[in-house]
Amino acid sequence: MLQTDSNLFRIASNLSPQTALGTSTKSDTIDITSVGLSWNKSYSLQKFQLTTSIVDSRYKNFDYLNFDALNYSAAWNWSVTPRVRGVLSADRKQALNNTIQFVSVAERNVRTDTALRFNTDVDLGAAVHLIGGVDQARSTNELSVSQEGDSSVRSASLGLRYVFPSGNFVSYRMRQGNGDYYNRAQNTVSAIPNSFDETEHEFRAAWALTGKTALTARLAHFKRNHTGLAQRDYSGPTGDISLNWDVTSKIDLTAVIARTLSAYQTDSSSFIAGNRFTLSPVWRTTAHTSLRFNYDYLTQSYRGALPGSALPGNRQDTTRSSQLALDWSPRQSILLTLALQNQKRSSNVADSDFKSNGASVSAQLNF
């Protein structure tokens, strides 16, 4: 894939590249090459899946950002009997750290996220299933990030799911976890926690409203406590609702609304509350060509300022992103894509607004 970005580091619109970056440009062209392997195999009641890829990213102007990523997703869909089954999975993903939230213009900072999960589903009869599992998630950055430090979280969950004859379901699950921060720059911000506990109560549902419309929902209450640092604690509702609609035989539409809470620890904030709306229509113009559009509207509120902070709190950001993409698949093994992107943010904090435009062309060959 060949990709261009007019504002790679999301520099404020009123700042010159020379002032912000020490260079005459804030744009770049990225050459991304990836090689992947996908494997699926079933043995009786057992099913194994593996997807792995090596991604090579090369930047023309800011070549110190060049990096190679190893990503994978592996799963064993195990089954003792048709009524006792589950999934054991492992995932790894590497990418440059989010330049919108964690601006680092002088050095590369690659983030590595890994997860190991064991989930089980026991059919108790009368359409009731016992669900539960344990998992461990770990996030590591090349460079220390004070706002959201490297962390490791271990969790266990237990709940029930009711499955209707139609295949629709509703479920409740409680998850309890504990985690640790490590490799943090202690001198960059006040009141840096070292550990935390979290509790989540979650309801899920999947419902086919009609033959062409389906609704999935996740509604939860999340709470995170930091040992000895109650001022960093946060809690509240999270979740998402997704509507999938087959408008016609050639047009599909997906709409999503979501609420998120995430740690972002500075003197003027402890967490970010985000509200997102996404609209994604797809038009299959011919048997080999489709047109995709994605619009994303995100508002973020930075909350939990430390008492006595000299920096202003109550930061509010609004980010609008859109993408138009044309896919052409002359053969089942070949996919060519041309895409245009636009992103802009407005903020009540000085020098935080930005605009960015991009374009990409990619070719994918499957064997």
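Strands here are DSSP runs of E with at least two residues, numbered from the N terminus. The model is predicted, so local features need pLDDT of at least 70 and side-chain atom pairs count only at pLDDT 80 or more, while totals for chains, interfaces and linings use all residues. Residues are numbered from 1 along each chain as its sequence is written, and side-chain values use heavy atoms, with hydrogens and water left out.

**Exercise 1.** Find the place of Tyr64 and state whether Tyr64 is buried, partly exposed or exposed.

*Solution.* 
Step 1. Tyr64 sits in the loop between strand 3 and strand 4.
Step 2. Buried means under 20% relative accessible area, exposed over 50%, and partly exposed in between, with a 1.4 Å probe and protein chains only.
Step 3. Tyr64 counts as partly exposed because its relative accessibility is 32%.
Step 4. A contact means heavy atoms within 4.5 Å. Leaving aside neighbours within four places in sequence, Tyr64 is in contact with Phe9, Val105, Ala106, Glu107 and Arg108.
Step 5. Tyr64 and Glu107 lie 43 residues apart in sequence, and their C-alpha atoms are 7.1 Å apart in space.

**Exercise 2.** Describe the largest nonpolar core and the contacts of Leu65.

*Solution.* 
Step 1. A nonpolar core is a set of buried Ala, Val, Leu, Ile, Met, Phe, Trp, Tyr and Cys residues joined through side-chain atoms within 4.5 Å.
Step 2. The largest one has 13 residues, and Leu8, Phe9, Tyr59, Phe62 and Leu65 have the most contacts inside it.
Step 3. At least two residues of this core come from each of strand 2 (28-43), strand 3 (46-59) and strand 4 (67-81).
Step 4. Not counting residues up to four places away in sequence, Leu65 touches Leu8, Phe9, Tyr59, Leu96, Glu107 and Arg108.
Step 5. A second, separate core has nine residues, including Val153, Phe222, Phe271 and Ala273.

**Exercise 3.** Work out how strand 12 is paired with strand 11 and strand 13.

*Solution.* 
Step 1. Two strands pair if DSSP finds at least two bridges between them.
Step 2. Strand 11 (residues 213-226) and strand 12 (residues 234-246) run antiparallel and are joined by 12 bridges.
Step 3. The hairpin from strand 12 to strand 13 passes through four residues.
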